[in-house]
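Hi there,

Here is the structure I promised to pass on.

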There are 2 protein chains.
Amino acid sequence: VLDAAAASPGRGRLVWTIDEQVEGTHFRRDLASWSDVGWRSFMAAASDVAAMGAVPWAALSALVVPDDVDDAALEALAAGQRAAAEAIGAAVVGGNLARGPVLSVATTLLGTCEDPVLRSGARPGDTVWLAGRVGLAAAGLRALEAGGSPSSTLSAAIEAWRRPRALVDEGRAMRPLAHAAIDVSDGLAGDAGHIGEASGVQIVFDAAALLEDDVLGAAARALGADAIDLALDGGEDYALVVAGPVAIAGFRRIGHVTEGRGVALRDVSGSTRPLASRGYDHFTSRKPTAASRS
Amino acid sequence: VLDAAAASPGRGRLVWTIDEQVEGTHFRRDLASWSDVGWRSFMAAASDVAAMGAVPWAALSALVVPDDVDDAALEALAAGQRAAAEAIGAAVVGGNLARGPVLSVATTLLGTCEDPVLRSGARPGDTVWLAGRVGLAAAGLRALEAGGSPSSTLSAAIEAWRRPRALVDEGRAMRPLAHAAIDVSDGLAGDAGHIGEASGVQIVFDAAALLEDDVLGAAARALGADAIDLALDGGEDYALVVAGPVAIAGFRRIGHVTEGRGVALRDVSGSTRPLASRGYDHFTSRKPTAASRS
């Protein structure tokens, strides 16, 4: 593994991110293959870059590896990282390997962008747009945690959790049109709340729009779960949420921006109530306080 | 903590590195302050950049934080990172925070350089040059592990372990003159061995030259340790080792490059013997196999 890489950037400004996935917090060996662990950790970092409208370019990873992880497992993990990088046109160019008692995968990614979209530009009157799904990965995780043989209804949800995809093309499409954007890693309500905080506005979701996802609805029914709760609180889908004035190809409307603070939900009857701040528990067995920010 | 930073690079090519320090492998809370943990982890990453002759520019860090680390500890750690960054003219511009059972600090650093020095250019006939000290940080760690009140003879060694400094100025000085370079994080013999491997040559150290460090000699005597063993195997000083044809300001001669493979030591009697491959145990209580590469 290389310690450092000499490189030349592409055109535009640099966008740079780091993300880390920790065994027990973000993945479990019994629920994901080694390749899945590599893939997911890469896409989590790439999604940060996509959410700025930037093009991922190159990555380094830092692995902390316990003694019980053998070389074949490490190679499978690295293959998952490489496959994820290739899927979005980037490359893993080096990294670092350290021994430690708990497996973790830190990924740092450089991208380039003419004019990155930040979280802070949302304005009252903007529409809230979504690309990708929300809640499906959380449904897949619940199905995996429940064990047994999940029904075919849940296979899309399980795939969403194991093999999320950073929405790079959608990020490029929204960049010239968006006032603010974020990716959904910890849950739609919480992550859109970051746009609200940074922009000094309130984000209002439209429950009817969130319920238009038939695949999520079917997964929720199969799990006996509430689709709205999954949509608002489920993390790790790496959907993109954008505030902006005009429609964007590949995005659908899920709400609007108003004066105020925080996040609210307009239910199907048309009444609006504020949503309490809440985070995504990557594993339902974890204490909410410990997993509320990842 | 920011997830991503929009930035513009300086002139020259980009040099990029990632390093990670893990509690129990690279530091212990009872031996280092929170500020020391932040400082050391930053300097470990910066040293990789210094070893290429590059100028550190900006950093992101990813922290994995157990529940028993409070906000005051985190702030002290971050202050140590910032102080280290300022000491070498760089800045920490963002990062990521994740929950997990074991504290770790990953640091990714970007630097710029006209023409980075790699490990692969050493040639038979080159001299081996050293900037900074080797073995002193390992002596300091041994003194701390022994507990009690270390003698004043060992205070420089303890400071070397707690507050190492990446040799950025020395790296810039060697860049136009060096054929190959590396920083000493895991021990002089092992790290110089990486130059040997990458360059297809043998590195021969001169024991008499290594013994010229009076501070190391005094620390070794105070510990009842062998100064040569400390110099060859002690890690975490972040000295720079360079192979090149001419003297470099700030560097002293410690050996030479010959045809062959591996690493050898010419003892004070003038006879030369090969050194077995060996790594640095960050803590003497760890199994050598687990700590041989960090």
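Predicted model: local features only at pLDDT ≥ 70, side-chain atom pairs only at ≥ 80, totals over all residues.

Residues are numbered from 1 along each chain as its sequence is written, chains are lettered from A and ligands numbered from 1 in the order in which they are written, and side-chain values use heavy atoms, with hydrogens and water left out.

Chain A contains 10 helices and 12 strands (DSSP runs, H or I of at least four residues for helices and E of at least two for strands, numbered from the N terminus). Its radius of gyration is 19 Å, close to the 19 Å from the globule rule for 294 residues, so chain A is as compact as a globular protein of that length (taken over C-alpha atoms; the rule is 2.2 Å times the number of residues to the power 0.38). The C-alpha trace of chain A spans about 55 × 50 × 30 Å along its principal axes. Of the 294 residues in chain A, 59% are buried (under 20% relative accessible area, 1.4 Å probe, protein chains only).

9 of its 12 residues are buried, so helix 6 of chain B is largely enclosed by the rest of the structure; among them are B:L188, B:H194 and B:I195. Just after this helix, B:G200 has a positive phi of about 70°.

Best wishes

Conventions:
Buried < 20%, exposed > 50% of the residue type's maximum accessible area, 1.4 Å probe, protein only.
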